[in-house]
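Subject: Structure handover, pockets

Hello,

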Amino acid sequence: MPYTAEHKQKTRERIVESARELFNRRGFSDVSIDEIMRQAGLTRGGFYNHFKAKEELYAETVAAYMHFDPSQRWSGIEFDPDAKGTACAQQMVNIYLSTAHLEDVEGHCPLVALPADTARAGPQARMAYCKLVEHMAGMLSGGLEGCEGEEARKRGLAITALCVGGMVLARTIDDPAFVEEVRLAAREMALKLIGPEAA
């Protein structure tokens with residue numbers, strides 16, 4: 001009996017989640033399809049029922065982060081998916097630059113975990129990465145007080161750069177005190193760009 005569409009979708013999601021964790025931990029090049037499928041509890045042959053190539057899967061793991069719910073992975077995180085405006089932007093910054101995000105290597109946003117891999121990847125992966133940057137900046141710019149149009153876009157991109165850059169630096173520093181200094185400085189400046197109420 002053939003598998004249902006729901007079963008196929010759930011299997012695909014398992015593959016994507018397995019790949020996301022392995023890519024975050026070791027990078028794109030050092031992870032094989034065999035390892036991804038083994039971690040997902042599946043055989044290698046099943047991979048090609050869902051993806052044409054590893055890069056296609058890589059692109060999907062990046063795109064899937066647009067629907068990531070941090071409260072399902074990190075304890076102590078308050079997440080309101082219905083938040084709008086300043087509340088949404090403030091929530092995004094506080095969660096993105098949280099210790100929970102920093103400490104969860106396998107759960108890192110791909111913007112933090114995979115920039116070098118994406119720069120060397122093909123166009124499909126780079127496009128997915130670019131769309132995630134645009135998505136994050138767009139959500140942030142929608143929560144800026146008294147700011148719209150081109151100025152809102154610039155500030156949204158700047159906040160995105162502070163969030164991603166702050167986390168990239170923080171995860172590569174060995175000194176715990178300096179890590180906290182970097183993380184908190186990035187968060188403080190990002191919140192200031194949102195507006196006085198957020199800061």
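The second largest pocket of this predicted model has a volume of about 370 Å³. A pocket here is an open set of points on a 1 Å grid over the protein atoms alone, where a 1.4 Å probe fits, with protein on both sides within 12 Å along at least five of seven lines. Grid points are joined across faces, edges and corners, and the volume is the space filled by probe spheres set on the points.

Lining residues, those with an atom within 4 Å of a point, number 14 for this pocket, and E17, R20, A64, H67 and F68 are the closest to its centre. Two or more residues each come from α1 (5-26) and α3 (54-64), with α1 giving the most, six. Helices are DSSP runs of H or I, at least four residues long, numbered from the N terminus. By class, the lining has seven charged residues, four nonpolar and three polar. Asp, Glu, Lys and Arg count as charged; Ala, Val, Leu, Ile, Met, Phe, Trp, Tyr, Cys and Pro as nonpolar; the others, Gly among them, as polar.

The largest pocket holds about 500 Å³ of space. Of its 23 lining residues, M66, F68, F79, M92 and M139 are the closest to the centre. α4 (85-96) and α8 (123-141) are the elements that give two or more residues, and the largest share, six, is from α4. This lining divides into 16 nonpolar, five polar and two charged residues.

Residues are numbered from 1 along each chain as its sequence is written. Local features need pLDDT of at least 70, side-chain atom pairs count only at pLDDT 80 or more, totals for chains, interfaces and linings use all residues, and side-chain values use heavy atoms, with hydrogens and water left out.

Regards
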